[in-house]
Amino acid sequence: MNIQAMMQMKKAWDTFKASHPKFPAFMKAAQGTLREGTIIEFKITTPEGKTIESNLKLNASDMELMDTIRQMQQ
């Protein structure tokens, strides 16, 4: 792993958390509800009002990735 890239990612994440303090709390609350088969929906609205929507259904490999990310945060 590239240590410098990891340090940059941590700095970017810290900046993101400072700008959007509700997001980490939301993710923490959602963490206990996520399991294989869960559907996550995304909606993006531009400043002009255009929307883009999609969703994904979590599978076993998605859950493994989330577990890995969770372990990295400890």
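What share of the contacts in the protein with a separation of 6 or more comes from residues 24 or more positions apart? In this predicted model, the answer is 19%.

The secondary structure comprises three helices and two strands. Along the sequence, these elements follow the order α-α-β-β-α. The radius of gyration is 15 Å, well over the 11 Å that the globule rule gives for 74 residues, so the protein is more spread out than a compact globule. Taken along the principal axes, the box filled by the C-alpha atoms is roughly 40 × 35 × 25 Å.

Burial may be considered next. Of the 74 residues in the protein, 7% are buried. The accessible surface amounts to about 6700 Å², and carbon and sulfur atoms account for 59% of that area.

Let me now turn to the aromatic residues. How many aromatic pairs does a search of the whole structure find? The search returns two. One of them joins tryptophan 13 and phenylalanine 16 in a stacked arrangement, with 5.6 Å from centre to centre and 15 degrees between the planes. These two residues are three apart in helix α1, and therefore about one helical turn separates tryptophan 13 from phenylalanine 16. Tryptophan 13 counts as partly exposed because its relative accessibility is 33%, which falls between the 20% limit for buried and the 50% limit for exposed. Phenylalanine 16 is likewise partly exposed, with a relative accessible area of 33%.

Phenylalanine 16 also pairs with phenylalanine 23, and here the geometry is edge-to-face: 5.6 Å centre to centre, with 90 degrees between the planes. Phenylalanine 23 has 34% relative accessibility and so counts as partly exposed. Through these ring pairs, Trp13, Phe16 and Phe23 are linked into a cluster.

Which residues form the nonpolar patch on the surface? They are Trp13, Phe16, Phe23, Phe26 and Met27, which together present about 470 Å² of accessible area. Two elements, α1 (residues 3-19) and α2 (residues 22-31), each give two or more residues to the patch. Helix α2 supplies the largest share, three residues. Phenylalanine 16, for its part, is placed in helix α1.

For a sense of distance in this region, consider threonine 15, which lies in helix α1. Threonine 15 and phenylalanine 26 are eleven residues apart in sequence, and their C-alpha atoms are 17 Å apart in space. Threonine 15 is partly exposed, with a relative accessible area of 47%.

I come finally to the charged side chains. The whole structure contains two salt bridges. In one, aspartate 14 is joined to lysine 10, and the closest N and O atoms are 3.0 Å apart. Both aspartate 14 and lysine 10 belong to helix α1, where they are four residues apart, about one turn of the helix. The relative accessibility of aspartate 14 is 31%, so this residue counts as partly exposed.

The other salt bridge connects lysine 17 with aspartate 14, with 3.8 Å between the closest N and O atoms. That value lies within the 4 Å cut-off, which is why the contact qualifies as a salt bridge. Lysine 17 and aspartate 14 are three residues apart in helix α1, and so about one helical turn separates them. Lysine 17 is partly exposed, at 32% relative accessibility. Because they share partners, the salt bridges join Lys10, Asp14 and Lys17 into one network.

The ring cluster consists of Trp13, Phe16 and Phe23, and the charged network consists of Lys10, Asp14 and Lys17.

Methods:
Residues numbered from 1 in each chain as written. Predicted model: local features only at pLDDT ≥ 70, side-chain atom pairs only at ≥ 80, totals over all residues. Heavy atoms only, no water. Patch = residues over 30% accessible without salt bridge, like charges linked within 9 Å, V, L, I, M, F, W, Y side chains within 5 Å. Areas by Shrake-Rupley, 256 points an atom, 1.4 Å probe, with all protein chains shown as cover. Buried < 20%, exposed > 50% of the residue type's maximum accessible area, 1.4 Å probe, protein only. Phe/Tyr/Trp six-rings, centres within 6.5 Å; stacked < 30°, edge-to-face > 60°. Rg over C-alpha atoms; globule rule 2.2 N^0.38 Å. Contact = heavy atoms within 4.5 Å.
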